[in-house]
Amino acid sequence: QVQLVESGGGLVQAGGSLRLSCAASGRTFRSYSMGWFRQAPGKEREFVAGISSSNTRTTYSDSVQGRFTISRDNAKNTVYLQMNSLSPEDTAVYYCAAATPPRFDIWYVSRRVGDYDDWGQGTQVTVSS
């Protein structure tokens, strides 16, 4: 199990940028595949971006591809989400999550909520028009 704490959310104007951070506890952070999800009011939680434990594979939802970048620093037990060209449609609570790769697959990344075992408390991102 890993404890996750997000930070970096806030209010930004359309076209602006934010960088979210997710700090993880424990010495096994480097073994987890990590993901960012978001949930807007009245909507289901949706996948945003994911990164493999080996830091060699990333994947993004179509809605953020080319605008958002996920990265991780295993030495700092931290995963980041750089968000550029933000629009009001990006307004949501953003969550980071950790998944245990099956069979120690170092390239594993999942888009499914159910594949992630541990979640942070979320950080609010609000984009004004």
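Predicted model: local features only at pLDDT ≥ 70, side-chain atom pairs only at ≥ 80, totals over all residues.

Modeller: Two strands are said to pair if DSSP finds at least two bridges between them. Strand β1 covers residues 4–7, and β3 covers residues 18–24.

Leu4 stands opposite Ala24 in β3. For Val5, the bridge partner in β3 is Ala23.

Next, consider where the side chains point. In a regular strand the side chains alternate between the two faces of the sheet. Buried here means under 20% relative accessible area.

Now widen the view to the sheet. Strands β1 and β3 belong to an open sheet of 4 strands, in the order β1-β3-β8-β7, with antiparallel pairing. The edge strands are β1 and β7, and each of them pairs on one side only. From one strand to the next, the twist averages 15°.

The largest nonpolar core has 29 residues, and Trp36, Leu81, Met83 and Tyr94 touch the most other members. Several strands each supply at least two residues of this core, among them β3, β7 (68–73) and β8 (78–83). Strands β4 (33–39), β5 (46–51), β9 (92–99) and β11 (123–128) each supply at least two as well. There is also a second, separate core of 6 residues, which includes Phe47, Ala97, Tyr108 and Tyr116.

Ser85 is placed in the loop between β8 and β9. Most residues other than glycine have a negative phi. Ser85 is not a glycine, yet its phi is positive, about 50°. With a relative accessibility of 44%, Ser85 counts as partly exposed. A second case is Phe104, in the loop between β9 and β10 (118–119). Phe104 also has a positive phi, near 55°. The relative accessibility of Phe104 is 77%, so this residue counts as exposed.

Last, the whole chain. The secondary structure comes to 0 helices and 11 strands. Buried residues make up 48% of the 129 residues. Among contacts between residues at least 6 apart in sequence, 62% join residues at least 24 apart. The C-alpha atoms fill a box of roughly 45 × 25 × 25 Å along the principal axes. A compact globule with 129 residues would have a radius of gyration near 14 Å, and the chain, at 14 Å, agrees with that. The chain exposes about 6,600 Å², of which carbon and sulfur atoms supply 48%.

Notes
Residues numbered from 1 in each chain as written. Heavy atoms only, no water. Core = buried A, V, L, I, M, F, W, Y, C linked by side-chain atoms within 4.5 Å. Buried < 20%, exposed > 50% of the residue type's maximum accessible area, 1.4 Å probe, protein only. Axes fitted to C-alpha atoms, helices over the stretch in contact; angles between N-to-C directions. Rg over C-alpha atoms; globule rule 2.2 N^0.38 Å. Contact = heavy atoms within 4.5 Å. Areas by Shrake-Rupley, 256 points an atom, 1.4 Å probe, with all protein chains shown as cover.
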